[in-house]
Amino acid sequence: MKKIPKSVWILLGLVATIYAAWSIAYPSTAVRYRMTVTLETPEGIKTGSAVREVAIEKSPQFLGSTSVGAVGVTRGEAVIVDLGKHGVLFALMRGGVGGIDYGGYILTTAFPSGNDPFSREGIGYYRSLKNAKTTLTPQQYPMFVRFRDLNDPKTVEAISQYNDRDMPTGYGGMAKTAVEVFGAGIKLKEVTIEITRDSVTTGIEKLLPWLPQTKGYISGQFLGGAGLLNQLDKGDFYKGSK
Amino acid sequence: MDDTLFKAILAMDSYNRGYNYGIDLNIRNANGDIIQQSDAPDITHIGNATVYKNLGNADAQNIGFYGIAYTLSSGNVVISYRGTDSLFGTSTIGSDWYNGYGVALGHPDGPEGAMAFSFYNAVDLAAADNVSISTTGHSLGGGLVNGERNNSLSGSA
């Protein structure tokens, strides 16, 4: 057998050392959570859930890089709640916590570490979380939407996180209550989040076949403009490849 | 306010809006609910500027790009490009070094440079014919501006 040159061993050792030092200086972890959305309907309780994988990473701050760390969904989807004849509700990876980065920040908000989430202690806390579960407050709820026609993204409508009042969408216009959108007797009951090792949810494109082909925003526009339709994009519905 | 100083403020403002923001500029009510997103077009103001268009969707995040256009009280438009916020990228945000730093080496046609150019052209197409469009940016954002200046577009880095 041919002997591996000493220089190759030195190079491999150097690479391993740099990798180990980098991992210690800039730790990261991946955590999965299941979000479950429950509504009351005249036909009884309806629920839907989705499992998402979130990366929490400390970032190097070289050359003016401003970000100390990032938390974001690497794979996962909006929660889908099938309300039968009333329609389908989607709980997006966008909302009152972190805005467009909601899918990641809801994890660190629902389960606060007590430390900087990007510190070694903070990341260690999220590595150690197992089977934790909590119920979100309405302020922590995701943005809810529905499509009057599932085949037409331009029929999107926002739904208020409160059952007793309309709320601004944040992009101009109002999100109406579940009763106003879906009909009498339909109310949001609760949203929970729990740490899991279950498989990440896939398959939203079966319900929204236009989604993977969407370029730019769901309006079809390249630019983000006024109104919800011109601000939602496929990243609100799924992360990861399709 | 001096025009150059205001453009410098807008250059920094792009770090605080859209995804991976530095400062949370979302407007909330007393209950803590977001009632206005930080970069909502037509309703978000900074000084005498109003957010006109933005680009920070999933495709932009994948390459680490964020751009925002403002309309001034004069009717003219300023485009601000965010600079380096994630040098090597993360699992969810593209690396600025990989996707953008080519502009410093004379290659403005990398992913971020190409998207900056597309953003400029789309804003130009959307704006009225008599509107003047200028660009601004800090750090890598300034590099993207300079990449465009080489294509005879006006800007401040």
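A: Start with chain B: of its 157 residues, 52% count as buried. A residue is buried if 20 or more other C-beta atoms lie within 10 Å of its own, exposed if 12 or fewer, and partly exposed in between, with C-beta atoms placed from the backbone. This is a predicted model, in which local features need pLDDT of at least 70 and side-chain atom pairs count only at pLDDT 80 or more, while totals for chains, interfaces and linings use all residues. Residues are numbered from 1 along each chain as its sequence is written, and chains are lettered from A and ligands numbered from 1 in the order in which they are written.

Confidence comes next. Chain B has an average pLDDT (the predictor's confidence in each residue, from 0 to 100) of 91, and 94% of its residues score at least 70. Among its elements, strand β5 (residues 67-71) has the highest mean, 98. Strand β8 (residues 155-156) has the lowest, 62. For the complex, the predictor gives an ipTM of 0.89 and a pTM of 0.92.

Now the build of chain B. It has five helices and eight strands. These are DSSP runs, numbered from the N terminus: helices are H or I with at least four residues, strands E with at least two. Along the sequence the order is α-β-β-β-β-α-β-β-α-α-β-α-β. The C-alpha atoms fill a box of roughly 50 × 40 × 25 Å along the principal axes. The radius of gyration is 15 Å, which agrees with the value near 15 Å for a compact globule of 157 residues. That radius is taken over C-alpha atoms, and the globule rule is 2.2 Å times the number of residues to the power 0.38.

Contacts tell more. Two residues are in contact if their C-beta atoms, placed from the backbone, lie within 7 Å. Take the contacts in chain B between residues at least 6 apart in sequence: 53% join residues at least 24 apart.

Zoom in on G64(B). It lies in the loop between α2 (58-63) and β5 of chain B. G64(B) counts as buried because it has 28 C-beta neighbours inside 10 Å. Leave out residues up to four places away in sequence, and G64(B) still touches S86(B), G89(B), I93(B), G94(B), S95(B), D96(B), N99(B), G100(B) and E112(B). T84(B) is 20 residues from G64(B) along the chain, and their C-alpha atoms are separated by 8.4 Å.

Step back to the partner chain. Chain B puts 40 residues in contact with 34 residues of chain A. On the side of chain A that touches chain B, β2 (44-58), β3 (69-77) and β9 (167-168) of chain A each supply at least two residues. β3(A) gives the most, with four. The residues on that side divide into 14 nonpolar, 16 polar and four charged. Here Ala, Val, Leu, Ile, Met, Phe, Trp, Tyr, Cys and Pro count as nonpolar, Asp, Glu, Lys and Arg as charged, and the others, Gly among them, as polar.

With β1 (28-41), it is among what covers the buried residues of α3(A). Those buried residues of helix α3 (residues 120-128) are G122(A), I123(A) and Y126(A).
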